[in-house]
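Subject: Two-chain model, handover and notes

Hello,

The structure you asked for is below. My notes on it follow.

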Amino acid sequence: MTNRLRVLRAEHGWSQGDLAERLSVSRQTVNAIETGKYDPSLPLAFAVARLFGMPIEGIFSPEPSPEG
Amino acid sequence: MRPTTSRYTRSVLGLAMVSAGLALAVSALDHWGALPTGLRPVVVLIPVVPLVFFFFRIARWLRDLDELERMIHHEAILVQFGATGILVMSYGMLAKAGLVPDFRVSQVFPFLWLAIFVFWSLGLVVVRRKYR
């Protein structure tokens with residue numbers, strides 16, 4: 001799975017820690033999602049979508065990440 | 001508000017220490033023949049009671065973790081389960097073949113706990129690297 005989380009976070013001027021706090025997860029989780037090492041649960045993906053005011057498919061796409 | 005990890009750590013360590021203390025006390029009383037005969041099977045199992053709460057506390061702690069951290073712990077527990085099982089089975093087969101000392105269960109069970117937590121910790125180190 002790939003995602004636009006890093007781009008969206010940068011557009012809002014948030015650090016990984018800021019985003020982690022807004023999503024009530026650890027900074028490690030945000031980093032692992034951004035680098036494609038971890039695919040979030042559905043509730044977390046919905047929370048991300050709600051936070052950025054976008055549909056889930058606008059942030060996450062099913063194509064495999066370059067790192068596999 | 002959910003308890004922090006340090007609070008969980010304190011309560012889990014506290015319960016483990018209570019269990020260890022009770023085990024030593026019961027063992028000493030049994031050694032001196034101070035345990036009532038009829039109640040002996042119940043009294044020698046008293047140290048297990050804090051361990052029941054110990055496991056509920058660990059389960060609660062894991063449920064309260066961030067979702068990635070919880071998955072890391074679950075994978076680490078899988079590593080610990082496999083490694084402990086393989087270690088115990090390998091040692092048992094070597095002992096059965098007379099190649100290593102054949103300890104009685106009552107002599108080695110504290111070391112089983114040690115193996116569980118060592119392998120859990122090693123599992124955490126290995127699994128965390130995957131998500132760094």
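A residue is called buried here if 20 or more other C-beta atoms lie within 10 Å of its own, exposed if 12 or fewer, and partly exposed in between, with C-beta atoms placed from the backbone. This is a predicted model, in which local features need pLDDT of at least 70 and side-chain atom pairs count only at pLDDT 80 or more, while totals for chains, interfaces and linings use all residues. Residues are numbered from 1 along each chain as its sequence is written, and chains are lettered from A and ligands numbered from 1 in the order in which they are written.

Helix pair in chain B

Arg57(B) has 19 C-beta neighbours inside 10 Å and so counts as partly exposed. Arg57(B) sits in helix H3 of chain B; helices (H or I, at least four residues) and strands (E, at least two) are DSSP runs, numbered from the N terminus. Not counting residues up to four places away in sequence, Arg57(B) touches Tyr8(B), Ser11(B), Val12(B) and Leu15(B), where contact requires C-beta atoms, placed from the backbone, within 7 Å. Between Arg57(B) and Thr37(B), 20 residues apart in sequence, the C-alpha to C-alpha distance is 33 Å.

Those contacts of Arg57(B) belong to the packing of helix H1 on helix H3 in chain B. The axes of H1 (residues 5-31) and H3 (residues 48-64) of chain B come within 9 Å and cross at roughly 165°. Axes are lines fitted to C-alpha atoms, for helices over the stretch in contact, and angles run from 0 to 180 degrees between N-to-C directions. H1(B) and H3(B) are therefore roughly antiparallel to each other; angles under 35 degrees count as roughly parallel, over 145 as roughly antiparallel, 65 to 115 as roughly perpendicular and the rest as oblique. The crossing of H1(B) and H3(B) is left-handed, a term used if the near helix is turned anticlockwise from the far one by less than a right angle (right-handed if clockwise). On the H1(B) side the contact includes Tyr8(B), Val12(B), Ala16(B) and Leu22(B), and on the H3(B) side Pro50(B), Phe54(B), Ile58(B) and Trp61(B) are among the residues. By class, the contact of H1(B) with H3(B) has 12 nonpolar, 2 polar and 1 charged residues. Ala, Val, Leu, Ile, Met, Phe, Trp, Tyr, Cys and Pro count as nonpolar, Asp, Glu, Lys and Arg as charged, and the others, Gly among them, as polar.

Phe55(B) also lies in helix H3 of chain B. With 11 C-beta neighbours inside 10 Å, Phe55(B) counts as exposed. The C-alpha atoms of Phe55(B) and Ala16(B), 39 residues apart along the chain, are 10.0 Å apart.

Helix pair in chain A

Helix H2 (residues 16-23) of chain A packs against H3(A) at an angle of about 110°, with the axes 8 Å apart. H2(A) and H3(A) are therefore roughly perpendicular to each other. Gln16(A), Gly17(A), Leu19(A) and Ala20(A) in H2(A) meet Arg27(A), Thr29(A), Val30(A) and Asn31(A) in H3(A). The residues of this contact divide into 3 nonpolar, 4 polar and 1 charged.

In the loop between H2 and H3 of chain A is Ser24(A). Its phi is near 55°, a positive value in a residue other than glycine. Ser24(A) is exposed, with 10 other C-beta atoms within 10 Å.

Val30(A), in helix H3 of chain A, is buried, with 27 other C-beta atoms within 10 Å. Leaving aside neighbours within four places in sequence, Val30(A) is in contact with Gln16(A), Leu19(A), Ala20(A) and Val25(A).

Core and interface

The largest nonpolar core has 12 residues in all, among them Val30(A), Val48(A), Ile59(A), Leu68(B) and Ile72(B). Such a core is a set of buried Ala, Val, Leu, Ile, Met, Phe, Trp, Tyr and Cys residues joined through C-beta atoms within 7 Å. The elements giving two or more residues to this core are H3 of chain A and helix H4 (67-96) of chain B. Val48(A) touches Leu5(A), Leu23(A), Pro40(A) and Ile59(A), not counting residues up to four places away in sequence.

At the interface, 9 residues of chain A are in contact with 6 residues of chain B. Helix H3 (residues 27-34) of chain A gives the most to the side of chain A that touches chain B, with 3 residues. That side of chain A divides into 4 nonpolar, 4 polar and 1 charged.

Regards

Methods:
Two residues are in contact if their C-beta atoms, placed from the backbone, lie within 7 Å.
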